[in-house]
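Subject: Structure for your files

Hello,

Here is the structure you asked for. My notes on it follow below.

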Amino acid sequence: MVNTPDPSVRVRFCPSPTGNPHVGLVRTALFNWAFARHNGGTMVFRIEDTDAARDSEESYQQLLDSLRWLGLDWDEGPEVGGPHAPYRQSQRMEIYRDVADKLLKGGYAYHCYCTTEELDLRREAARAAGKPSGYDGHCRDLTAEQTAAYEAEGRSAIVRFRMPDEPITFRDLVRGELTFTPDNVPDYGIVRANGAPLYTLVNPVDDALMEITHVLRGEDLLSSTPRQIALYKALIELGIAKSIPQFGHLPYVMGEGNKKLSKRDPQSSLNLYRERGFLPEGLLNYLSLLGWSFSADQDVFTIPEMIEKFDVADVNANPARFDLKKAESINADHIRMLDEKTFAAACEPWLRAPHAPWAPEDFDREAWERIAPHAQTRLTVLSDITANVDFLFLPAPVEDEASWQKAMKGDPAALLTTARAKLEAADWTSPESLKDAVLKAGEEHGLKLGKAQAPVRVAVTGRTVGLPLFESLEILGKEKTLSRIDTALAKLTA
């Protein structure tokens, strides 16, 4: 059942600009975007770039370029602006310092002087005693004298948020009601000793100030939710936040070996799919199926159709397995859905350098426009087009020895000699006439059409598989076709 649109919905997509965008990140962006668009709400694009050691301007530009390529637009954020600007966390540091100061003054946070070594020793002791190994609240209620003594030692302090001593329960939009007990959610750091704010502070503060109503994010962040809910409550009491957003944690995307798909897995890279020639619509269609379904009997649909039906309540909590073959199959279906003009234009990058092996002056646009409709039904990804049409634009067909050995069996020279004669006499304005010529050549040698056309195909195109042969021969033309058969005959009789 589709939810009733709610224009007050405000969601956010807030990646960190580290490395190349990956498909798990795109799936998160897609679900947030589809939820916002279904409801007629607002999509906020925010950049979490507080980690100067890992963030880069190059990755930031890649994020923007990737979202544009995918067609996932945003209503507030970089290059668009909005009422809650700036939308890069590196430009919001004064805001975080002010909030941290108010949390300290209000008693919601405190300074913690524990050293890393002390924390490690106490964790080990807790584990040995069979107790939770989170922070033990050592600095939670320091006296003024204890604080002064630590500072006299020259110790630096982080800022920790004071978690309530009671269970935290919330209803996850994907997983239902969840409860976390205090012993499993200890006090946590929100500001480093050097004054730099941590994700645990900046993320919920930005969500609060930007009035985010729904947080849809990966399952790996589920454990941080009770901490953020407690922080939201404090921000509401301080007059900084208006309400606590609803949370929905999306299922893991699993890769090879049933392991969580990570940035290090080659198949997780968005750039891989762009370079191979996936259509944005095809890739988004497949990624939407990683945890959600359009209907029980339909896997292929348009993005407008997805927007119309998307409901986060229909997201499945179980891990979703990334299946490259299915992704390719769905992309192939989307290629078939293009009109001829759009398809031809989409293939253009793979018909030019550096992808095309032919010289620019050898590209024949008229031949391309004639062959394109036949190619459209054969491609899985757009980059397949290069190998499918190279026979038209190369001076000679590619030399594929495996194809040659497979096709040139029995007495191929005799067959090709007969086929050449019949093709020379055929009507070259009719693919059917060319087919009939090869069919009759095969009959003279006791071969059916499939066996008879294989040597002709390899002689002319270089490969055993490709576009419809007789349409290809017509477009290549009589002179080039017969010349290539002559070259193959010379090779066979050498």
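**Helix H14 and what covers it**

Helix H14 (residues 385-393) is largely enclosed by the rest of the structure, because eight of its nine residues are buried. Buried means under 20% relative accessible area, exposed over 50%, and partly exposed in between (1.4 Å probe, protein chains only). Helices (H or I, at least four residues) and strands (E, at least two) are DSSP runs, numbered from the N terminus.

This is a predicted model, in which local features need pLDDT of at least 70 and side-chain atom pairs count only at pLDDT 80 or more, while totals for chains, interfaces and linings use all residues. Residues are numbered from 1 along each chain as its sequence is written, and side-chain values use heavy atoms, with hydrogens and water left out.

The buried residues of H14 are Ile385, Thr386, Asn388, Val389, Asp390, Phe391, Leu392 and Phe393. Their cover includes helices H12 (340-347), H13 (365-376), H18 (449-461), H19 (469-476) and H20 (478-493).

Ser472 is in helix H19 and is buried, with a relative accessible area of 2%. Leaving aside neighbours within four places in sequence, Ser472 is in contact (heavy atoms within 4.5 Å) with Ile371, Phe391 and Leu467. The side chain of Ser472 also reaches the backbone oxygen of Pro468 at 2.7 Å. That is a polar contact, meaning a pair of N or O atoms within 3.5 Å; within protein, one must be able to donate a hydrogen and the other to accept it, and residues adjacent in sequence count only if both atoms are side-chain atoms.

**Aromatic rings**

The structure holds 18 aromatic pairs. Rings of Phe, Tyr and Trp (its six-membered ring) pair if their centres lie within 6.5 Å; planes under 30 degrees apart count as stacked, over 60 as edge-to-face and the rest as tilted. Phe31 and Phe310 have ring centres 5.3 Å apart and planes at 50°, so this pair is tilted. Phe31 lies in helix H1 (residues 23-39) and Phe310 in the loop between helix H10 (303-309) and strand E11 (320-321), so the pair ties together parts 279 residues apart in sequence. Both Phe31 and Phe310 are buried.

Trp358 and Phe393 form a tilted pair, at 5.0 Å centre to centre and 55° between the planes. This pair links distant parts of the chain, with Trp358 in the loop between H12 and H13 and Phe393 in helix H14, 35 residues apart. Trp358 counts as buried at 7% relative accessibility, and Phe393 does at 2%.

Ring pairs also link Phe31, Trp292, Phe294, Phe301 and Phe310 into a cluster. Lys309 lies over the face of Phe294, at 4.4 Å from the ring centre. A charge sits over a ring if NZ of Lys or CZ of Arg is within 6 Å of the ring centre and within 35 degrees of the ring normal.

**Asp49 and Arg88**

Asp49 is in the loop between strand E2 (42-45) and helix H2 (57-70), and is buried, with a relative accessible area of 8%. Not counting residues up to four places away in sequence, Asp49 touches Pro17, Asp55, Arg88, Gln89 and Ser90. The side chains of Asp49 and Arg88 are joined by a polar contact of 3.1 Å, and a polar atom of the Asp49 side chain lies 2.8 Å from the backbone nitrogen of Ser90. The charged end of Arg88 sits over the ring of Tyr60, 3.8 Å from its centre.

**Cysteines**

A search of the whole structure finds zero disulfides, a disulfide being a pair of cysteine sulfur atoms within 2.5 Å. Cys14 is buried at 14% relative accessible area, and Cys347 is buried at 0%.

Regards
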